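Morning, everyone. I'll walk through one chain today, starting from the inside. Have a look at the screen.

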Amino acid sequence: MNGVALWRRLADFPAAPPPAFPAAADPAQPDPAMVEELAYRDRLARATEASATCWFDVPGGRPVLAPIERAGITRLVESISGSTAGDKIDAMIETMAHAPDGDVVEIGAWRGRSAALLVLLARHWNIGKVLCVDPWLAAACDQGSEPAGRPAAPERMDADWAHRIFQINLAPIAGGALNFIRAPSSVAAQAYVPGLVVETEAFGRTAYEGAIAYLHVDGNHAYEQALIDARAWTPHVKPGGWIVFDDYARPSGDGPRRVGDEFLVAEAHRISLSFVIGAALFVRLKTA
Ligand SMILES: C[S@@+](CC[C@H](N)C(=O)[O-])C[C@H]1O[C@@H](n2cnc3c(N)ncnc32)[C@H](O)[C@@H]1O
């Protein structure tokens, strides 16, 4: 339709009254702008408290995040759907602040919520490049622990779309510091060597160190799979580096707890500190 025809069609419609602006306020409803402002106020108050809190006793570390920066990061991260939330986000911020330089690896990224946190922090402190490993395959989401009556994961998830959404979410903030391998963790681990270069259409070319400063294990939480993830990737974590076992203390499914506990026992000689915050187990390796 050309412009003249479009104008004629529009002209056929009776003139509509101009919209009322500002919209008539319903006195029973709170002003949406004020509701939004209050949410920002809450966020900044929480960030101020979190930045002033001593989360664990580890000397040194990178400069503390200013409350405004912290609030900005959490706001952006929480705009992406995913399960990483609350105290776990704060603990990840604090542990990243005490990580050595090196690669940041995430097993299980889904739509990119925790990946967004990792890349924003890795860039902020110049820690290293983020590598997300995920097959983005519906069958891989079956953890055998669905609540009764809920369809199995492969039936209700579109993994190709999760992968697209991940790229959409991360593309504007990756800044050359993030890439992904679309494969199960055991397969990707075979490619993880010093000098690894990953190239994808969405994120370009990323060169990795091949040694991990920070490992976030958040893949399939079935025991056998969590064990494969831990065995394949924890040997690459550097002295002074961190390993985070997601959902270690979650009520349903004990895979992460069993794997985390086994790791704490088997690797006790390498571990300097461990604690649970926000249901995740945080483990710091000795510096030497
Ligand atoms: C709980 S979600 C990850 C959530 C994400 N970290 C966040 O914060 O939003 C679990 C992810 O693990 C992935 N996954 C399942 N099996 C995997 C495997 N063998 N290797 C790597 N990732 C796997 C799934 O595809 C899914 O994206």
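The largest nonpolar core has 63 residues. A nonpolar core here is a set of buried Ala, Val, Leu, Ile, Met, Phe, Trp, Tyr and Cys residues joined through C-beta atoms within 7 Å. Buried means 20 or more other C-beta atoms within 10 Å of the residue's own, exposed means 12 or fewer, and partly exposed is in between, with C-beta atoms placed from the backbone. Ala115, Leu117, Val119, Val130, Leu215 and Val244 have the most contacts inside this core. Helix H5, residues 113-125, gives the most to it: 8 residues. Helices (H or I, at least four residues) and strands (E, at least two) are DSSP runs, numbered from the N terminus. In general, nonpolar side chains tend to be buried together in soluble globular proteins.

A caution before I go on. This is a predicted model: local features need pLDDT of at least 70, side-chain atom pairs count only at pLDDT 80 or more, and totals for chains, interfaces and linings use all residues. Residues are numbered from 1 along each chain as its sequence is written.

Now Leu117. It sits in helix H5. Why do we call Leu117 buried? Because 26 other C-beta atoms lie within 10 Å. Setting aside neighbours within four places in sequence, Leu117 contacts Ile73, Val77, Thr84, Ile89 and Met92. Contact means C-beta atoms, placed from the backbone, within 7 Å. Leu76 is 41 residues from Leu117 along the chain, yet their C-alpha atoms are separated by 8.4 Å.

Val119 next. Not counting residues up to four places away, Val119 touches Val130, Leu170, Ile173, Ala174, Ala177 and Leu178.

Two of the Leu117 partners, Ile89 and Met92, are among the buried residues of H4. H4 is mostly covered, with 9 of its 12 residues buried. Its length checks out too: at 1.5 Å a residue, residues 86-97 should span 16 Å, and the end C-alpha atoms are 17 Å apart, which agrees. The expected span is 1.5 Å times one less than the number of residues.

Zooming out. The chain has 10 helices and 9 strands. Buried residues make up 38% of its 288 residues. Of the contacts with a separation of 6 or more, 73% join residues 24 or more positions apart.

Last, confidence. pLDDT is the predictor's confidence in each residue, from 0 to 100. The chain averages 90, and 87% of the residues score at least 70. Over residues 1-10 the pLDDT is below 50, and this stretch has 1 contact beyond near neighbours in sequence.
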